[in-house]
Each structure stands twice: as C-alpha cells, then as structure tokens.
Amino acid sequence: MKFLSLILAHLLRSKRRTFLTVSSIAIALFLFCTLRTVMTSLDAGIRASDETRLVVRHAASLVFPLPLAYRDRLAQIPGVTRVGYGNWFGGYYQDPKNNFTQFAVDVGSFFDLYPEVLLPAPERAAFEGERTACIAGKALVQKYGWKIGDQIPITGTIFPGTWPLVLRGVFTAATPDADENAIFFHWDFVNESIPEGRRDFVGIYWLKIASASQAAAVSARVDALYENSARPTKTETEKAFQAGFISMMGNVSLLLTILGSAIVFAIMLVTINTMMMAARERTTEIAILKTLGFSDGLVLQLVAAESMIVSLAGGLLGCGVAMFLFRRLDFTAGGMIPNFRMLPETFLFGLALALVMGLLSGAAPAFLAARLQIAGALRKVA
Amino acid sequence: MNERKSEGVSAGGTAAGNGALIRLRNVHKKYKRDQIEIPVLAGIDLEVKEGEFLALMGPSGSGKSTLLNLIGGIDRPTEGEVWVAGESIGRLSSDKLSAWRARHIGFIFQLYNLIPVLTAYQNVELPLLLTRLSGKERRDRVGLALNLVGLSDRARHFPRQLSGGEEQRVAIARAIVADPTLLVADEPTGDLDAKNAAEILTLLQRLNREMGKTILMVTHDPHAAERAHVTVHLEKGVLKA
C-alpha cells in the first residue's frame with residue numbers, strides 16, 4: 001500500500017492519456033459484456049428448461065398446428081404424467097414495437113407443467129375463472145404500468161383482431177432465467193373466437209414425464225404414434241426445442257464471440273503500445289528509483305501495477321455501466337430476447353478479462369523497466 | 001586541504017579492517033560500443049576513510065562519474081575489486097546490490113533527478129519506502145531531513161515549483177533521509193549559480209562535519225573541491241600523481 005501513491009502519481013502524470021486508455025478499455029469491455037449478455041440471454045430459455053418437459057410440435061414446422069384430438073392419446077402414452085397445450089399468439093400491445101411473449105394456454109394444466117410461474121392463489125383463482133382473463137409477468141406489468149383489473153388489448157397477427165384481455169394476476173418467476181416479460185391467457189377463449197375452420201388446433205403440446213431418463217423413449221413413442229398420420233409430430237426435450245429455436249438465427253454465439261474477442265484484442269494492442277510509451281518516457285525516473293535501491297523485481301511490480309490499475313479501472317467502468325444499464329434498460333430486441341439480463345458471471349468474466357489485459361499490456365514495459373541498466377540510462381540523460 | 005595522489009593499498013584485508021570505508025584495488029572499467037572496447041578506468045587503487053570528504057576532479061571524459069558509479073554500486077568493474085562499507089560490491093547479485101545501495105548510499109546528481117510527479121515530501125520519502133518504518137516514522141524522518149536542508153515549508157511543492165537550489169536541497173534531503181553510510185555527489189553544483197552552489201557546498205560540509213557523513217564528490221570546480229578534505233585527480237582513467 002505504501003507504494004500506491006507512487007503508482008497513482010505516475011498514472012496521473014498524463015491525465016488525458018490515462019483517461020483515454022481507461023475509456024478505451026471501458027468501451028471494449030462494455031461491448032464485450034453487451035455481446036456476451038446477448039448470448040447468455042438467448043440461452044436463458046435453455047437454462048430455464050425443465051428436463052422432464054417435452055415439447056411436441058408438427059414434424060414439418062412450428063407453423064403447422066396439431067389437432068387438439070392428440071391430447072387424449074398423448075396422455076395415455078407410458079411415461080407421460082401430464083399434458084398441456086397452447087399457441088404462440090404473436091400479437092402486440094398498442095404498437096407493433098411492443099412485442100413480447102404471448103401464449104394462449106390450457107389453463108387447467110398450465111400451472112402443473114410450469115411450477116416456476118408463481119401466482120398468488122386468489123389471483124390464480126380469478127384467472128382460472130374468467131375466460132378473457134390473463135396473467136402478466138411482473139417485469140412486463142412494471143414496464144407498462146398495468147394494474148390488476150386493467151383491460152389489455154392485444155392485437156393479433158396470427159389470430160387477427162383486437163383481443164380485450166383483462167389482467168387478473170401478476171406472476172413472478174421462481175428462477176432468474178424464467179421469462180417475466182410474458183402474458184398467458186385462455187386457449188379456450190382464443191379457440192372459441194376464431195373462425196370455425198381454424199378451431200381445435202394447437203401449436204404445441206407440452207408433456208410432463210416422470211423422469212428425465214425417460215425423455216428419449218417417450219419422444220420416440222409419441223413420434224412413432226403419429227409417424228404415418230397427416231400431421232406427424234416431432235418430440236424433443238424443452239432444452240433441445242429452445243436450442244433449435246436459437247439455432248434458427250444461425251451460429252449467433254460464434255459470431256458474437258468473434259466480434260467480442262476482436263474488440264478486446266484490438267484495444268489490448270492499443271493499451272500495450274500506450275503502456276510501452278509511458279514506460280519509455282520514464283526511463284530516467286526508473287533509473288533513479290533503481291539507484292535509490294528499488295530492486296528489479298519491485299520496479300517490475302510497480303510498472304505492472306500501473307497497467308493492472310488502468311485495466312481494472314476500465315473493466316470496472318465498462319462492466320459496471322453495462323450491468324447498471326441492462327438492469328434499467330428495457331431491451332428485448334423486439335421480443336427476440338425477452339429476458340435480456342446481464343449475469344453476474346458476465347460481470348466477473350469482464351473483470352477477469354480486464355485483469356488479463358492489464359497483465360499482458362504491462363508485461364513488456366515491466367520487464368524492460370526491470371532490466372534497465374542504471375548507469376546506461378543515466379548516462380543518456382547527462 | 002590535502003592533495004591525495006594515486007594511492008596504493010597499503011594493507012590487505014577488508015576495507016573496514018584497515019579503517020577505510022572505501023577501497024578500490026586495480027579497478028578497470030571498459031565499455032563496449034560496436035565491438036570496440038573503450039577503456040574508461042585503468043588500474044584504479046584508492047582508499048577513502050570513514051568521515052572523509054573527498055573531491056574527485058578531472059577533465060570531461062576522464063572517468064570521474066564512472067568511478068563514482070562503481071563506488072555507488074550502480075555499475076560493476078570490468079576487473080578489480082571495489083570494497084565499500086565492508087562489502088565487495090562487484091560480487092553482489094542485482095537484488096543484494098539494490099538492498100546494499102538502499103542501506104549504504106545516498107546519491108546526489110548534477111541535474112537533481114527528482115521525480116517530477118512527486119512532491120518534495122514524496123521524493124524525500126522514496127528511500128524510506130524500502131524500509132520497514134511505519135508511516136509515522138517515515139513522516140518524522142522526512143520532516144527532519146527537509147528541516148535540515150531548510151525546506152520544511154516547501155514539502156508539498158512539486159519540483160517544477162522549486163528553484164534549482166531548492167531542488168538540489170530536496171535531492172540532498174532524499175540522499176540523507178535513510179541515514180546512509182556514504183554520500184556520493186556527481187557535480188552537485190554543476191547546474192547552479194554561484195550563490196546556490198555555495199549554499200549546497202556549505203550544506204554538504206555541515207553533513208560531513210556535524211553528522212560525520214563520508215562524502216565523495218565529483219566536481220570540475222576548484223572552489224567546490226576546496227571544501228573537501230582531500231582532492232584526487234583523474235586523467236584518462238588513471239589517478240594522477
């Protein structure tokens with residue numbers, strides 16, 4: 001600690017340079033955290049998946065529905081303990097920009113299949129007892145300032161028209177990865193309100209199975225059952241379903257990783273150059289310190305500490321601003337990333353990256369300073 | 001003032017053993033530039049007793065500063081032995097030599113060589129950062145040293161806010177703050193006007209007389225050399241008779 005004032009004095013020698021270096025590291029790490037948060041937020045659905053839930057959809061595409069008549073046969077398949085179903089609604093609230101997760105669900109099975117959706121008993125009773133009722137996640141309610149009893153008109157795109165839903169409950173998520181930016185309402189209400197030709201079809205079946213080890217066998221049994229039907233099925237675990245959903249966007253993870261790494265690497269090169277210049281300017285002073293008895297090792301530590309402090313300051317700033325912003329910012333990328341949330345691991349990863357940047361950018365100037373020959377350095381000045 | 005000429009070592013044993021604080025025996029120093037060896041010092045034999053104030057004179061390029069660097073432990077001889085304060089410093093490892101310098105040597109340079117981003121107080125405190133002294137003990141020591149050089153009121157000033165004479169006095173405070181065995185001064189008045197130069201020399205004399213500090217001073221200035229007990233002359237790397 002007694003050397004801290006010496007280190008800080010050197011860092012403040014050129015305030016502008018230090019400020020610019022810290023800022024460039026901060027921006028790089030802010031971008032890194034942003035890109036990583038996109039990745040982890042996309043994966044939130046996978047993390048929130050339950051291994052004992054299977055998703056059954058049309059084998060050709062999610063776009064094609066399955067008959068409601070499958071429900072009873074699915075319930076009879078060995079290993080299946082509960083069957084639920086629903087439709088992705090694909091509407092918006094007031095403006096097409098207000099796009100969030102909307103699901104018309106079978107209310108009778110929904111809470112058994114999704115115990116992570118927490119709703120007070122009176123609100124659940126109110127929701128279950130009213131066909132136009134809906135429940136919304138706490139984050140969504142806070143975003144739009146809704147209150148229980150409010151009418152929430154949702155304009156349908158897959159199911160045209162304006163759907164006058166009434167908010168009867170506000171749910172919270174039992175796990176941080178579960179989506180609170182969503183509303184759920186009665187599938188029956190939608191089914192009764194659409195033209196007769198479209199009725200009694202569902203987008204997805206959810207199956208609850210007794211144990212995760214049965215997933216492959218149950219999936220195979222379901223798909224075998226409808227293999228030769230007009231509407232064959234594809235059954236997979238919820239995790240596989242979510243991963244497949246993300247993969248429809250291409251290899252986003254790879255792209256974001258490459259982008260993030262390139263930004264950090266470029267800034268690291270700039271930082272190395274800056275730290276080298278800063279150390280070179282101080283050749284005489286380093287020689288003076290060594291003349292006074294500062295050992296090679298101590299000089300190495302002091303110069304390296306400067307880089308570490310600059311990098312850590314940039315890291316704390318960049319990652320801290322990202323953490324703060326993404327907590328407050330309501331960003332869902334048009335509903336594509338409903339749970340855009342920076343994980344604490346991302347913050348720590350960003351700081352670790354800052355430390356690595358500090359180590360790498362400080363290594364060369366620190367070694368040069370440690371190896372500096374006093375007499376030669378002083379002779380150049382005299 | 002005594003004139004000491006090329007002085008051979010009269011007896012064997014350590015420097016401390018025969019009362020000499022510094023003893024050089026057949027010291028050679030050569031520099032290599034582009035494969036060419038340039039001899040700077042050639043067979044120097046010298047003894048300096050504890051408490052002595054010795055001036056080292058000679059023309060530019062005669063090797064004065066190199067000799068001072070060897071005695072101060074910031075350079076190593078190509079050949080021969082340098083004993084200072086009972087230690088053959090040419091044999092010490094880099095780390096041990098650093099610790100040895102911190103303990104035994106106080107340096108004073110012509111261009112003061114203060115760290116510009118540190119205040120006078122912080123500059124003087126630097127050698128004490130290498131000790132186990134507490135913060136309070138360091139503060140007391142720095143206060144004493146600054147008081148001794150008459151700059152207590154300038155402790156918070158940066159070098160750029162001080163005159164040349166004041167800067168050199170801060171450098172002297174830095175040199176003495178850790179109570180070293182030996183002060184080495186390389187042209188300490190070379191960059192100062194006559195008045196400031198006289199004040200610095202008086203200060204060095206006081207340190208020698210009142211605190212018993214052994215001082216080795218390189219100078220071009222005969223008036224400065226007159227303040228020393230002993231003057232030795234160096235020409236073309238050889239101590240002259």
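Reader: Why is Asn26(B) called partly exposed?

Author: In this predicted model, Asn26(B) has 14 C-beta neighbours inside 10 Å, so the residue counts as partly exposed. By definition, a residue is buried if 20 or more other C-beta atoms lie within 10 Å of its own, exposed if 12 or fewer, and partly exposed in between, with C-beta atoms placed from the backbone. Local features need pLDDT of at least 70, side-chain atom pairs count only at pLDDT 80 or more, and totals for chains, interfaces and linings use all residues. Residues are numbered from 1 along each chain as its sequence is written, and chains are lettered from A in the order in which they are written.

Reader: Why is Ala85(B) called buried?

Author: Ala85(B) has 20 other C-beta atoms within 10 Å, and is therefore buried. Ala85(B) belongs to the loop between strand S5 (79-84) and strand S6 (87-88) of chain B, and its phi, too, is positive, near 50°.

Reader: How many residues of chain A are in contact with chain B?

Author: There are 21 residues of chain A in contact with 20 residues of chain B, where contact requires C-beta atoms, placed from the backbone, within 7 Å. On the side of chain A that touches chain B, H12(A) gives the largest share, five residues.

Key: Helices (H or I, at least four residues) and strands (E, at least two) are DSSP runs, numbered from the N terminus. Two residues are in contact if their C-beta atoms, placed from the backbone, lie within 7 Å.
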